[in-house]
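Please open the model in your viewer and keep the selection tool at hand. We will go from one stop to the next, selecting a few elements each time.

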Amino acid sequence: MKYSIILIFCIGISVFSGQSLFAAVGCDLNDPDRDVARLFPGSTGYKTMYVAIDKKGGDALLAQIEDRLGDKFQGLFETADVPYTIYEIYRGTDRIGYIHGVNQKGQYGGIQVFLVMDMEGIIKSLYFQKLTSKAAKELRAPEFGKQFEGLSLADFYAYDIASGKTKIPGKVDQIKNPAPEAEQDFHASMRAAKKNLILMDEFIYGNKFLKYFKGEAQ
Amino acid sequence: MITIYKVSFKNLLRKRTRTLLTIFGIALSAWVLASLLGFNKGYEASLNKDIDNMGFQVLLTAKGCPYEAATLMLKGGTGLRYMSEDVIRQVVNEPEVDKVTPMLMQAVFDPNKGESGGFSAYLGVDPVTFPRMKSFLEFKQGGWFTRPDTMEVVMGYEAAELEQREVGDLLLIPEKEIELKVVGVLKRTGTQDDGTIFMPVKTVQNIFNKPGELTGLGIKVHKEADIAAFEEKLYGLPDVQVVSLAQVKQTIMSLVTTAKIMVFSIAIIAILIAMVGVINTILMSVFERFQEIGILKSIGAMPWDIFKLIWIETFILCFLGGIVGTGMAYGLSKLTEILIRNLLPYAPTGSLIQLDASLAGVTLIAVILIGFVSGIYPAWKAARIRPLESIRSEVN
């Protein structure tokens, strides 16, 4: 009893006195009630989950994600303490999919790329919530987003972030840049989509796509 | 040698649970009291700091546009009113004025923000006077603008985080399709500066075609100046409106006073409950030792000795409760702060509860005094016990 009281007291002290005043900012839907209904037609509700790399697996997980991405997390804002907001979508009591967004550095400003996914990790749609780019109109056009539908992380592994090309021909090759003058923002969008899929595989899908990365499956 | 203090202490140990609960009750009262005293001190200090962090005490705006940011939100960037730069010359030579800094706020509609678009705001500031007035601003990366009319921006931390910008990156002004170079990212301040994109005022005037126009003039007055008299003087200027942060502070403080009265009332109730608890505990202890006290008196103890014995018990209870309560106030100050922040109509940034040794001392003395007052009746009751009566009651 005595030790329980001391333990509760110590936990209380550490929780309430050790809180950091400021934390990194994640990528949330501006109006989740409206956005979820619009992005996931037929849904009746959602639950919100917050996951951060530093809490989930620390440096080891960050290294694994960077390895799978084929690129390092960079700069002031792409850090392990960024909280990722995952919207778990329901129809009645059935879980029917997820919506998840990431921030990505673009040529002229921030890009927020949300992916709407089914329970198997297949992309149902792509949504740019924010896009500061000279080619914003073209990239936000429905035709561009449609090119991502039906793809999964298994397809995106072929996309090499460094070169902006696919290592082996595949479905991702079919995604065409609608504004060749905004090549940088196109590649930023592709990187954001790949990063988004990898994070979801780590956080939600139990690394079911890891075998494609390791070459155990085609 | 056994002392009266040891006897009192041992008496308390005979009913440990009751003693502990009484100490806990007193500790809760001491916690509330210390936290309130710390809040009294911390709130005003934090508010003053917030106002100091704005860099100026008086804001001059064009008439009809008192709150730029609010206007932008409500009218979508179209409701801004402007005043001429000439106002600087009219104000700067006043004896009360220490520094002035001109500002021009502008907003553009960004159709690619959210589902139906949003506004992006830019604050034009003077590259010479603004950094001097806001000397507390620190940079995470880079520094202020290199020239007065340069195409450069300095971003507040949150603005930079949203736009994922770092020093050397480009920033696009939507609608205008104009590129600017990021030369500085500020550290977090906890103020509105965190979400602001700063540009040289001349650059904003050029980009938005507002030559010689301003939306605000920040004025820092000398410390010894009579701000009220100075404000009256400013009202004499044509087509301007004066927003005094002294007035803002007064309004906030009057709002907070209401909350303070409410919390103080709760504290008084908590203290009264603790007092009743102490009286009850000691009185029960006296009744339980009715016979013992009678025997003590029959072997030579004087009423004053009995009074002291009981009074010291009260003192020990209150002293221990006061120590635990003050410790709780220190240890749980963050929790208390969260609770208070939820209660207040406006809470400034920074620590709302500032505890120090003098406040801890005041709390402890207050609790001990309350204890002494609470102990008078039980001690007096015990001192008046008649030996024969009490011994006879034991026989019965």
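How many bridges join strand β3 of chain A to strand β4 of chain A? To find out, select residues 94-105 for β3 and residues 110-117 for β4, and you will see, in what is a predicted model, two strands that run antiparallel and are joined by 8 bridges. Within this pair, pick out A:Val102, which stands opposite A:Val113 in β4(A).

Now widen the selection to the whole sheet in chain A, where 5 strands are arranged in the order β1-β2-β3-β4-β5, forming an open sheet with antiparallel pairing. At its edges you will find β1 (45-52) and β5 (123-131) of chain A, each of which pairs on one side only. If you step across the sheet from one strand to the next, the twist averages 20 degrees.

For the last stop, move to chain B and select helix α11 (residues 303-331) together with helix α13 (residues 357-383), whose axes come within 7 Å and cross at roughly 150 degrees. Because angles over 145 degrees count as roughly antiparallel, α11(B) is roughly antiparallel to α13(B). Finally, colour the residues of the contact of α11(B) with α13(B) by type: 20 are nonpolar and 9 are polar, while none is charged.

Methods:
Residues numbered from 1 in each chain as written. Chains lettered and ligands numbered in written order. Predicted model: local features only at pLDDT ≥ 70, side-chain atom pairs only at ≥ 80, totals over all residues. Pairing = 2+ DSSP bridges. Helix = DSSP H or I, 4+ residues; strand = E, 2+ residues; numbered from the N terminus. Axes fitted to C-alpha atoms, helices over the stretch in contact; angles between N-to-C directions. Parallel < 35°, antiparallel > 145°, perpendicular 65-115°, else oblique. Nonpolar A, V, L, I, M, F, W, Y, C, P; charged D, E, K, R; others polar.
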